[in-house]
Amino acid sequence: MTFSEQIKNYQWDDVRLSIYGKTAQDVQRALNKSRLDLEDFKALVSPAAEPFLEQMAQKSQQLTLQRFGKTQQFYIPLYLSNMCSNICTYCGFSMHNAIRRKTLDTKEIEAECVAIKKMGFDHILLVTGESERKVGVEYFKQALPIIKQYFSHITIEVQPLDQHEYEELIEYGVDSVLVYQETYHPVTYAEHHLKGKKSDFKYRLDTHDRLGEAGIHKMGLGCLIGLEEWRTDCFYVAAHLNYLEKKYWQSRYTISFPRLRPCAGGMEIKSVMDDKQLVQLICAYRLFNPEVELSLSTRESEHFRNNVLPLGITTLSAGSSTQPGGYADAAEQALEQFEISDDRSPAEMAELVKAQGYEVVWKDWDHSLTGS
């Protein structure tokens, strides 16, 4: 059974009504438990939990310190290409946007690696648009040997692939893969993914199963907050995580919670999540799963990132550029995927983290630790 079959156990409207029907007693019960289930998660993301935010934050901080200590992992995205064969209503890289397209060649990739390495990073996230023809597996097989010379840990956030393709890329040095479902509501998904391979809801939903079968070291999941009613969509993320951890227990997991940001072809946000609600969600994920890594990107503001850092976050991006070639050549004018909100340098972020009593970890994992 894959998650696309498992998800049939959860009817969207039933889940939504159940979340909004949770009471203060349900929230208090969840807060008093040491091992939470999906019903408890519903309670913690419900409107009934909003008056309990301080209690949730204190417990979330305590659990994070117990599992991860006073550390924050740093990573940086390297955008290799903004080519894309999909039409999506919310993305600046969408094929229908009339923008200048760029795919880095091997010399440009190396120049970006040199520029990023000077900032101190040893963990890199490779990002592309979803174009099988321009940035498919063969492109990565050329790029990865170059990038591997500079970084110990490589994560990719690219188009979903078949299991054998993931197995090939693992051989070339990929350690982690991030794939976001965007929304777990099939009808809303179809409304926003109008053309291209990404319009196949089921193929994308089963991507993590293919990753698990391929033996990936770590995989990331999440939804794009704002496309659908956020409390219900985030419940499906938790259910997805629950399923994956039981079936592919050898892998590590990370969750991100990107909120829709302005971009070319901007669209109206269906479900707005304010800052307090995002804190509630972060704490709910931590209480539900003390082992999962929680990542916060530069989409969020400087003020928000400063204040939420101790409450459950384990991984931060810093100094990000979403323009292909944007690190080696700051004048590069290819279109960004979305607007960065926190533009502080890695050195500035490191000082902030240290000032809060945390140690900065510049790498995630090393193959030598497992002898692979």
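Two residues are in contact when they have heavy atoms within 4.5 Å. By that test, residues 24 or more positions apart account for 76% of the contacts with a separation of 6 or more in this protein.

A quick word on what you're looking at: this is a predicted model, where local features need pLDDT of at least 70 and side-chain atom pairs count only at pLDDT 80 or more, while totals for chains, interfaces and linings use all residues. Numbering starts from 1 along each chain as its sequence is written, and side-chain values use heavy atoms, leaving out hydrogens and water.

Here are the whole-protein values.

| Property | Value |
|---|---|
| C-alpha span along the principal axes | about 60 × 45 × 40 Å |
| Buried share (under 20% relative accessible area, 1.4 Å probe, protein chains only) | 60% of 372 residues |
| Accessible surface (Shrake-Rupley, 1.4 Å probe) | about 15,200 Å² |

Carbon and sulfur atoms own 50% of that accessible surface.

Now for the holes. On a 1 Å grid over the protein atoms alone, a cavity is a set of points where a 1.4 Å probe fits but cannot get out. The whole structure has 2 cavities of 30 Å³ or more.

Notes: 1 Å grid on protein atoms, 1.4 Å probe; cavity = no way out; pocket = protein on both sides within 12 Å on 5 of 7 lines; lining within 4 Å. Points joined across faces, edges and corners; volume = space filled by probe spheres on them. Buried < 20%, exposed > 50% of the residue type's maximum accessible area, 1.4 Å probe, protein only.
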